[in-house]
Amino acid sequence: MSKRMIVDGMLESGVFPNKAAAETAYDAVVESLVEALGAAQDVELRPFGSFRVVERKARAGRNPRTGESVTIPARRAVVFRAGAQMREAQRQGQEWLGLKTYSLLLESQVREARAFLKRHKVQAKAERYAKEAAERLTKLTDEASARLKDYGRAGKPAWDELRQGLERAYGELKSAFLKARDKF
């Protein structure tokens with residue numbers, strides 16, 4: 001999940017009046033996290049989880065290329081511990097973000113495809129490719145939406161099947177858009 005997807009989700013929540021405000025809020029949260037962790041403070045984001053700074057001791061290691069023994073110096077590291085809701089979702093075999101992650105991914109791809117088509121006036125042949133790709137995306141999105149509820153109840157094997165199907169569909173869509181872009 002990228003910053004753009006998170007900001008879009010924040011914007012869709014209706015709390016922020018525009019994208020700039022959502023981005024400013026996102027940046028402020030990330031900056032606060034970095035600042036607190038830089039000062040070796042613990043950060044709790046309930047029910048998401050907590051971040052903690054730990055001291056790693058110096059230790060012996062090996063250079064994988066040469067096999068030579070090397071000393072790995074002591075350092076500070078950030079560790080994350082999932083919140084109770086995340087751990088519970090994992091025990092049930094579901095991804096904790098589940099439907100929201102896939103729906104945001106699909107929405108992002110649709111927005112990118114629409115923006116691409118708006119930016120470029122395409123020739124007749126390229127327009128046909130773009131239209132076919134948009135129709136494919138609409139069909140795949142509808143199919144994915146229809147199956148998401150069923151897959152959510154089926155557990156981890158169903159999620160794996162859904163993920164593979166979406167990756168395959170995204171690959172087909174990407175190749176169709178690449179073909180259309182070459183025609184501009």
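**Notes on the salt bridges**

1. Let's start with Lys3, which forms a salt bridge with Asp27; their closest N and O atoms sit 2.9 Å apart. Lys3 belongs to helix α1 (residues 3-12) and Asp27 to helix α2 (residues 19-38), so this pair ties together parts that are 24 residues apart in sequence. Keep in mind that you're looking at a predicted model.

2. How exposed are the two partners? Lys3 is partly exposed, with a relative accessible area of 36%. Asp27 is partly exposed too, and its relative accessible area is 35%.

3. Now hop along to Asp8, which makes a salt bridge with Lys19, with 3.9 Å between the closest N and O atoms. Here Asp8 lies in helix α1 and Lys19 in helix α2, so the pair ties together parts that are eleven residues apart in sequence. The pair still counts because the cut-off is within 4 Å.

4. Is Asp8 buried or exposed? Asp8 is buried, at a relative accessible area of 9%, because anything under 20% falls in that class.

5. Next up is Glu44, in a salt bridge with Arg46; the closest N and O atoms are 2.7 Å apart. Glu44 is exposed, and Arg46 is exposed as well.

6. How many salt bridges does that rule give in total? The count comes to three.

Notes: Residues are numbered from 1 along each chain as its sequence is written. This is a predicted model: local features need pLDDT of at least 70, side-chain atom pairs count only at pLDDT 80 or more; totals for chains, interfaces and linings use all residues. Side-chain values use heavy atoms; hydrogens and water are left out. A salt bridge is a side-chain nitrogen of Lys or Arg within 4 Å of a carboxyl oxygen of Asp or Glu. Helices (H or I, at least four residues) and strands (E, at least two) are DSSP runs, numbered from the N terminus. Buried means under 20% relative accessible area, exposed over 50%, partly exposed in between (1.4 Å probe, protein chains only).
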